[in-house]
Amino acid sequence: MAIQHLKQGKPETERAEDDAKVRAVVETTLADIEARGDAALRDLSEKFDGYTPQAFRLTASEIEAAMQKVSARDMQDIRFAQDQIRNFAQAQRASMTDIEVETLPGVILGHRNIPVQSVGCYVPGGKFPMVASAHMSVLTAAVAGVPRIVASAPPVNGAPHPAIVAAMHLGGAHEILCLGGIQAVGAMAIGTQTLDPVHMLVGPGNAFVAEAKRQLYGRVGIDLFAGPTETMVIADDTVDAELCATDLLGQAEHGYNSPACLITTSRKLAEATLAEIDRLLTILPTAETASVSWRDYGDVVLCDSHDEMLQVANDMAYEHVQVMTDRDDWYLENMHSYGALFLGPRTNVANGDKVIGTNHTLPTRKAGRYTGGLWVGKFLKTHSYQRITTDEAAARVGEYGSRLCMLEGFVGHAEQCNIRVRRFGGKNVPYGKAAE
């Protein structure tokens, strides 16, 4: 039996048409922000959020007032989540060490891990204000030592969202903006009359936010190119349909275009999961969204073996991959293209999204083939340096450098080497010639 698709979502061609429409809107909007600055932000904020404050940057008193609206339990939960995320980020940071080695006598090479100097962290609002995204971006940037962290989220019901503001502030944001969508990432990257631009943009968002980051890339750095949330369940007959269906729909509720895929070696489990999804969609409060995602972007793939399941999973390179099999560690050893792995039936993507400590900003649309997700290292730039401390080393390396530069025809480069050979090696190298 070959790999069988018991259910398939929309073809890629239909998704590409939607992408083209988004690109055009974003291009026009960013051009407007660059041309008109704060005035454009006000118009866009009024149009999309019904919000036109005196200033988009919150004052200390406004931050405090918003935090006062957060219940004690919610504040306790936010602090707990941030403790877990901070602990893991600190361990990751500790793994990244500066180095210095003497590769030849008198030749010193090294590198330093230096924080990006300013970062703009976008936190989505809308239907699901994503408080956890503030932890993932702001707090991780703070652990990396970024000296200027700007955080922005759209208003909710005409005001800054209290829990998001609290998470941003506790996470270490230096500036907090109440601004959403294209206008938020555009303002942080381009700058306006009242907002200084940043060097890097991070954080998830809708299709328009993702496209804005794509168009701004190069002008600023970004964490990754993000698309809609994706979730994959790899399962065999060691688990049941209720668990599989719940984990699939738990991510399908993100939006109307959130892919969810089951890969299994069990036809019985596949068919039972399809039936269980239908049942859950009659009682899930977010079924209006999840049902559209499942209808248009849901996949069920039946395979003969674990090797086939591994092949399909690596080819699809989904953002979240939940593995529930009799050999979870085998998948950990052999999976090479994904955003994050969630191993075993006790683990789930929601914990990773909100509280467990790993970062939830992850690669989508097969980007897991060439990058991992957001982590403390994304906020650090590894810069090399060189030092030659002896005359002998300067002459020795210079002779090799001279000849290799002339091999490529770079005479001016060769002279940088030659002058050191003459001064520190005492050799008379003719001008514009390779050292002997």
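**Starting from a histidine**

Tutor: H360 is buried, at a relative accessible area of 7%. Buried here means under 20% relative accessible area, exposed means over 50%, and partly exposed is in between, with a 1.4 Å probe and protein chains only. Bear in mind that this is a predicted model, where local features need pLDDT of at least 70, side-chain atom pairs count only at pLDDT 80 or more, and totals for chains, interfaces and linings use all residues. Residues are numbered from 1 along each chain as its sequence is written, and side-chain values use heavy atoms, with hydrogens and water left out.

Student: OK, and where does H360 sit?

Tutor: In the loop between α14 (349-354) and β14. Helices (H or I, at least four residues) and strands (E, at least two) are DSSP runs, numbered from the N terminus.

Student: Which residues does H360 touch?

Tutor: Leaving out residues up to four places away in sequence, H360 touches M130, A132, S133, M136, P204, E319, G352 and D353. Contact means heavy atoms within 4.5 Å. With S133 there is also a side-chain polar contact of 2.9 Å. That term covers a pair of N or O atoms within 3.5 Å; within protein, one must be able to donate a hydrogen and the other to accept it, and residues adjacent in sequence count only if both atoms are side-chain atoms.

Student: Is N157 buried or exposed?

Tutor: Exposed, with a relative accessible area of 81%.

Student: Switching to strands: in what order do β2, β3 and β14 line up?

Tutor: The order is β2-β3-β14, an open sheet of three strands with antiparallel pairing. β2 (99-104) and β14 (380-388) are the edge strands, each pairing on one side only. Two strands pair if DSSP finds at least two bridges between them.

Student: How many bridges join β2 and β3?

Tutor: Five, with β3 covering residues 107-115. V101 stands opposite L109 in β3.

Student: Now rings. How many aromatic pairs are there?

Tutor: Two. Y217 and F225 are edge-to-face, 5.5 Å centre to centre with 85 degrees between the planes. W330 and Y331 are edge-to-face too, at 4.9 Å and 90 degrees. Rings of Phe, Tyr and Trp (its six-membered ring) pair if their centres lie within 6.5 Å; planes under 30 degrees apart count as stacked, over 60 as edge-to-face and the rest as tilted.

Student: Is Y331 buried or exposed?

Tutor: Y331 is buried at 0% relative accessibility, while W330 is partly exposed at 25%.

Student: Which ring does the charged end of K7 sit over?

Tutor: The ring of W294, 5.0 Å from its centre. R403 lies over the face of Y400, 5.1 Å from the ring centre. The test is NZ of Lys or CZ of Arg within 6 Å of the ring centre and within 35 degrees of the ring normal.

Student: And how many helices and strands does the chain have?

Tutor: The protein chain has 16 helices and 14 strands. Of its 436 residues, 51% count as buried.
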